[in-house]
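Here is a short report for a reader new to this structure.

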Amino acid sequence: VAVFTQELATLLKAGLPLDRCLEILIGLSANEPVRVLMGQLRADVRGGSALSKAMESREGVFTRFYLNMIRAGEAGGALDVVLQRLTEFMERSRELRDTVKSALIYPAILVGVSVLSVAILLMWVVPQFSQMFEESGKALPLATQIVIAAGDGVRSYWWLMVLGGFSVYIWFARQLREPVSRYRWDRRILGLPLVGDLVGKLEVARFSRTLGTLIGNGVSLLAAISIVKETLGNSVMADALGEVARQLKEGKGLGQPLMEAGLFPKLAVHLVMVGEETGRLQEMLIRIADIYDREVHTSVKRMLALMEPVLILGLGLVIG
């Protein structure tokens with residue numbers, strides 16, 4: 001979708017009509033499902049349908065945020081500008097996501113290799129020593145007895161451990177699908193040191209950029225808030241936005257309800273208030289997003305710097 005958006009924006013900016021743009025993109029695409037999708041969009045557009053309407057009928061492909069942006073672009077006669085803004089928005093969102101994912105690769109590999117090392121030690125190395133100890137006939141220290149028992153347990157019941165791990169995964173996935181349980185877990189995550197702060201900053205960056213982009217393209221503040229609520233991953237913060245929307249209907253503005261929610265950083269809320277007072281809310285929201293994008297990058301680096309030595313020392317002790 002990001003590549004399609006960027007290419008379509010470039011072609012429209014060059015002055016080509018929409019159906020011709022879609023025709024060119026069909027010829028350029030190397031992906032069969034994408035070609036089929038664009039063929040359907042072109043057919044709808046040639047049949048007199050608006051692009052937003054054609055996209056809306058392709059369920060599960062374009063988000064509500066994306067469709068509202070396209071509608072705003074069509075209403076203002078600036079579809080190419082809106083598509084360019086969408087491209088920039090999606091690039092920034094992807095960069096933020098990739099930063100977090102990249103930061104987690106090293107710890108994941110470290111933990112995976114360490115677990116594998118311990119499994120190999122317990123299943124193949126320890127049994128050789130236990131046989132040697134049995135032949136010596138001497139009493140073994142408690143630590144050695146524990147290691148030998150652990151090795152016997154892993155060898156005999158490895159299938160039970162795998163089944164247990166799989167069961168825990170299914171249980172946790174089911175918990176996250178149930179709204180009440182998901183809310184509890186999300187609140188716990190926000191309360192965690194370092195991790196909770198990082199999640200909060202991620203959500204604020206996403207909230208600010210999405211809201212600023214929507215407002216900048218003519219979507220009303222109330223409608224934009226309801227769209228942004230759906231883009232947040234943390235249900236506690238999403239619920240808080242629902243309350244903000246309710247107070248917004250009563251004419252209380254955006255900054256004060258955000259402050260009362262108590263979940264959004266004070267700096268972000270103060271900048272929102274300044275934006276409201278000066279009539280530059282959209283500009284302030286984009287600035288908040290930039291600030292918290294940088295904060296997320298810094299927090300991830302800091303967490304990684306702390307995590308590496310802790311993991312290495314901890315797992316070294318386990319193997320030792």
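Ala, Val, Leu, Ile, Met, Phe, Trp, Tyr, Cys and Pro count as nonpolar; Asp, Glu, Lys and Arg count as charged; the others, Gly among them, count as polar. By these classes, the lining of the largest cavity has nine nonpolar residues, one polar and no charged. The model is predicted.

## The cavity

How many cavities of 30 Å³ or more does the structure hold? There is one. The space in the largest cavity is about 40 Å³. Its lining is made of V204, F207, S208, L258, F264, P265, A268, V269, V272 and I288. Two or more of these residues come from each of α9 and α13 (266-278).

| Largest | about 990 Å³ | S93, L96, R97, L202 and R206 |

Take the largest pocket. It is lined by 39 residues. Which elements give two or more residues to this lining? They are α5 (64-76), α6, α8 (179-191), α9 (195-216) and α14 (281-319). Helix α6 gives the most, with 11 residues. By class, the lining has 24 nonpolar, six polar and nine charged residues.

Now the second largest pocket. At least two residues each come from α6, α7 (142-177) and α14. Which element gives the most to this lining? Again the answer is α6, with seven residues. The lining divides into 11 nonpolar residues, two polar and no charged.

## Helix α1 and its contacts

Helix α1 spans residues 2-13, and helix α6 spans residues 79-136. The two pack at an angle of about 150 degrees, and their axes lie 8 Å apart. Why are α1 and α6 called roughly antiparallel? Angles over 145 degrees count as roughly antiparallel, so this pair falls in that class. The crossing of α1 and α6 is left-handed.

On the α1 side, the contact uses A2, T5, Q6, L8, A9, L12 and K13. On the α6 side, it uses L79, D80, L83, Q84, L86, T87, M90, E91 and R94. By class, this contact has eight nonpolar, four polar and four charged residues.

Helix α1 also packs with helix α2, which spans residues 18-28. Here the angle is about 130 degrees, and the axes are 10 Å apart. The two helices are therefore oblique to each other. Helix α1 passes α2 in a right-handed crossing.

Which residues meet in this second contact? From α1 come F4, E7, L8, L11 and L12. From α2 come L18, C21, L22, I24 and L25. The contact of α1 with α2 divides into nine nonpolar residues, no polar and one charged.

Helix α6 meets α1 in a left-handed crossing.

Note on methods: Residues are numbered from 1 along each chain as its sequence is written. This is a predicted model: local features need pLDDT of at least 70, side-chain atom pairs count only at pLDDT 80 or more; totals for chains, interfaces and linings use all residues. Side-chain values use heavy atoms; hydrogens and water are left out. Axes are lines fitted to C-alpha atoms, for helices over the stretch in contact, and angles run from 0 to 180 degrees between N-to-C directions. Helices (H or I, at least four residues) and strands (E, at least two) are DSSP runs, numbered from the N terminus. Angles under 35 degrees count as roughly parallel, over 145 as roughly antiparallel, 65 to 115 as roughly perpendicular and the rest as oblique. A crossing is left-handed if the near helix is turned anticlockwise from the far one by less than a right angle, and right-handed if clockwise. Contact means heavy atoms within 4.5 Å. On a 1 Å grid over the protein atoms alone, a cavity is a set of points where a 1.4 Å probe fits but cannot get out, and a pocket is an open set with protein on both sides within 12 Å along at least five of seven lines; lining residues have an atom within 4 Å of a point. Grid points are joined across faces, edges and corners, and a volume is the space filled by probe spheres set on the points.
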